[in-house]
Amino acid sequence: MFKFISKDFWQKLISIPLAMTVTNPTMAVIARNPEQIEECEILVVGAGLAGAATAYEALLMGKTVCLTDITDWVGGQISSQGTSALDERNTQRKELFFPRGYLELRSNIEKFYGKLNPGQCWVSDSCFLPKDADKILENQLKDAAKRGKGKLKWFPNTVIKDLKIQSVANGGTGQQIVEAIAIRHEAQPNTPPLNTEPLSQIIEDAYTYNDSPRLKKTVIKFTPPKNLKTQGKTNWIVVEATETGELIGLTDIPYRLGIDPRSELEPSSSSTTQDPYCPQGFTYTFAMQQTAEPQPQPEPSFYKQYEPYYSYELPRLADFDLVYTYRRIWKAEDSETTTFQGINFTKPTTGDISMQNWTWGNDYRPGTSKDNLIYSREQLQKTGQLKPNGWMGGLRTETLFKGEQNALGFYHWLVAGTTDSQLGDGVKKPNPNQKLLTGLDSPMGTMHGLSKYPYMREGRRIIGRPNYAHPDGFMVNEIDISRRNYRDEYYKKTLPPDQYRRLQALLSGLEGFSVLSGEVAPDDVKNRTRSTIYPDAVGIGHYAIDFHPCMTESPQEKPGNTERKGERRGQGQAYPFQIPLSAMIPQKIDNMLVVGKSIATSHIAAAAYRVHSFEWSSGAAAGTTASLALQKGILPYQFTEGFAFKNKNLQELKVILEKNENPTKFPNTSIFNDNWDDWR
């Protein structure tokens with residue numbers, strides 16, 4: 001079904017020395033004149049699920065959409081990042097309570113395969129091949145353009161290099177993006193096709209204006225349409241939908257990265273101060289196929305460096321077949337059901353394909369300023385990326401490279417390893433009847449077998465605009481969604497008394513003023529049993545607060561290294577939650593919306609606001625908001641001005657969202673229902 005990697009190529013790949021071998025082209029400081037000018041009403045930067053959903057709704061509303069991505073696939077998590085197993089809550093899945101485009105995506109997957117779960121995985125109701133997800137979603141966008149009479153302009157292998165921001169006297173902050181300069185790359189003639197090398201080998205080249213021996217570049221200027229019949233306060237909307245918050249870093253608008261300081265809003269934080277170097281880990285996924293006979297499994301030259309990290313993690317997970325079927329994305333033939341530690345799954349058979357995404361495996365979890373992946377504001381300044389024409393993507397290339405090695409090492413551990421860093425000797429057995437699937441027609445669409453882009457769980461997160469309830473800037477915080485018991489002794493001992501009192505006041509609703517004044521003791525009031533309800537809600541999400549914490553020391557694979565202490569305290573169940581429009585509107589720039597993982601959430605809240613259906617819901621809200629703003633001749637922030645119930649623009653937006661089957665609240669989850677236990 002797929003081409004296996006050639007012996008020569010595999011030997012070359014696994015023999016990469018431990019020292020960094022990526023090219024380091026000289027940073028371009030002189031811009032190239034654009035060879036191409038493209039006009040669009042909505043520019044969506046990033047073609048993951050949030051960006052695709054933005055385009056989907058905007059196309060249905062008849063808009064011209066430019067959609068860019070650093071890879072050549074649409075879908076992000078389900079395609080280029082390889083995590084093609086839909087993360088969903090059972091309650092939400094049972095009700096099929098998702099945005100219309102997400103439901104259509106699920107339906108299209110089922111139509112494509114004749115079943116929703118061709119992999120018979122047990123982590124989800126739907127596991128499938130990443131390469132197919134790209135085709136399915138691209139066709140869905142084309143169909144949306146046809147139905148809505150919109151126009152889709154798709155720009156694969158394209159990165160944003162620079163933005164022109166200028167003052168526009170239209171209220172708000174007065175700052176707008178008026179053009180975007182992008183670089184599109186392709187393979188030079190007589191060189192291997194794109195997706196031959198891992199991302200670390202070409203990313204710096206991709207952000208450089210000049211052609212290189214490897215890449216031929218086209219410089220594109222994106223601008224708003226110049227022949228609009230009616231012009232409002234802006235001629236276009238720019239949507240930040242990248243996986244790491246690239247435009248946030250590039251524009252240097254207010255944002256946070258990593259851990260937030262412990263407070264009454266984020267009481268489970270692992271730090272009393274902010275730490276930008278400890279976001280959640282990232283993962284290069286890969287696909288492996290079971291074979292009838294044992295296969296040669298040559299040990300990578302770098303394997304010994306990463307071997308001390310790998311583990312099944314917990315005794316209840318210490319079974320190869322269990323891990324293999326967890327995210328199995330293709331089931332070749334029927335087989336009998338078996339059980340391990342109470343988990344039922346169908347046994348793997350020859351031809352089955354499994355996608356790997358494992359915490360103590362191909363997760364790479366740096367947590368210090370020496371090795372963090374996403375550069376902080378200070379690091380961007382030091383590396384010159386905030387200077388004119390200096391932007392290079394905002395990532396540490398060396399850490400991408402190590403993440404790739406770590407993932408390939410994990411494959412070798414699965415098939416040949418006999419150690420386990422967390423469970424000790426005698427647990428891990430070799431499983432040589434496997435092949436790493438590689439080639440441009442493989443599930444990941446790469447010659448090396450790794451995903452085209454790492455699965456990102458957390459990026460830069462904006463701080464929204466200040467309002468009467470959020471004077472320091474809007475943000476969704478831990479206590480807005482978590483089911484945690486905040487009367488636990490930990491919080492009484494850890495938080496200062498005034499913080500603990502404020503925490504209980506925030507959770508006690510109308511009695512909060514009495515708690516703050518001291519009239520009522522903090523523990524004498526009833527806490528709410530629901531998430532915060534937002535009057536400007538434009539979407540929904542529901543998932544557990546799920547952590548893949550950073551490691552304590554550098555490098556992450558250091559023998560005996562541990563997860564950052566206290567990081568998992570914030571994890572656990574969450575109530576169904578909403579996506580407030582205030583979380584999608586950045587400070588300083590008036591014609592930009594932010595979607596996906598970069599909306600205004602705290603570090604802990606972001607651990608729930610990151611899964612597939614949430615990304616789609618945020619994108620659906622952005623596509624609708626941007627389209628309506630252009631139609632009405634207003635700016636996005638104007639939907640959140642003043643009191644929500646008096647804002648006619650907001651009320652019209654919510655009506656359109658609901659009419660278009662993009663829900664803004666869960667059934668029976670109003671302020672009049674104080675018990676949301678049915679939504680566990």
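**Before starting**

The model is predicted: local features need pLDDT of at least 70 and side-chain atom pairs count only at pLDDT 80 or more, while totals for chains, interfaces and linings use all residues. Residues are numbered from 1 along each chain as its sequence is written, and side-chain values use heavy atoms, with hydrogens and water left out.

Helices (H or I, at least four residues) and strands (E, at least two) are DSSP runs, numbered from the N terminus.

**Stop 1: helix α17**

Select residues 648–659, which form helix α17. The expected span of a helix is 1.5 Å times one less than its number of residues. For the 12 residues of α17 that gives 16 Å, and the end C-alpha atoms are 16 Å apart, which agrees.

Now colour by accessibility, with buried meaning under 20% relative accessible area, exposed over 50%, and partly exposed in between (1.4 Å probe, protein chains only). Which residues of α17 are buried? They are N649, L650, L653, K654, I656 and L657. These residues cover an arc of only 160 degrees around the axis, which puts them on the same side of α17. The arc is that of the directions from the helix axis to the C-beta atoms. An α-helix has 3.6 residues a turn, so residues three or four places apart point the same way. On the other side of α17, K648, V655 and K659 are exposed.

Zoom in on the start of α17: a side-chain oxygen of N647 comes within 3.0 Å of the backbone nitrogen of N649. After the helix comes E661, with a positive phi near 60 degrees.

**Stop 2**

Take α16 first. Its 21 residues should span 30 Å at 1.5 Å a residue, and its end C-alpha atoms are 30 Å apart, which agrees. In α16, 19 of the 21 residues are buried, so this helix is largely enclosed by the rest of the structure. G633 follows α16 and has a positive phi, near 70 degrees.

Then take β20, where 5 of the 5 residues are buried, so the strand is largely enclosed by the rest of the structure. Strands pair if DSSP finds at least two bridges between them. β20 and β21 (residues 577–580) run antiparallel and are joined by 4 bridges.

**Stop 3**

Select S582, in the loop between β21 and β22 (592–594). Is S582 buried or exposed? With a relative accessible area of 13%, S582 is buried. Its side chain makes a polar contact of 2.6 Å with that of D536. A polar contact is a pair of N or O atoms within 3.5 Å; within protein, one must be able to donate a hydrogen and the other to accept it, and residues adjacent in sequence count only if both atoms are side-chain atoms. Not counting residues up to four places away in sequence, S582 touches G464, F474, D536 and T640, where contact means heavy atoms within 4.5 Å.

Move to P555, in the loop between β20 and β21. The peptide bond from S554 to P555 is cis, with omega near -5 degrees.

**Stop 3: two open sheets**

Select the sheet of 4 strands with the order β1-β7-β6-β5, which is open and has mixed pairing. At its edges stand β1 (36–39) and β5 (158–167), each with a single partner strand, so one side of each is left without a neighbour in the sheet. β1 pairs with β7 (residues 215–223) in the parallel sense over 4 bridges; I37 stands opposite K221 in β7.

Next, display the open sheet of 3 strands, β16-β10-β18, with antiparallel pairing. Its edge strands, β16 (363–364) and β18 (455–456), each pair on one side only. F282 stands opposite M456 in β18.

**Stop 5**

- T83 lies in the loop between β3 (64–68) and α3 (90–95). At 4% relative accessibility T83 is buried, and its contacts include T285, Y455 and H612.
- N190 is in the loop between β6 (175–187) and α6 (203–206). N190 is exposed at 85% relative accessibility, and its phi is positive, about 65 degrees, although it is not a glycine.
- E313 is in the loop between α8 (303–306) and α9 (320–326). Its phi is also positive, near 85 degrees.
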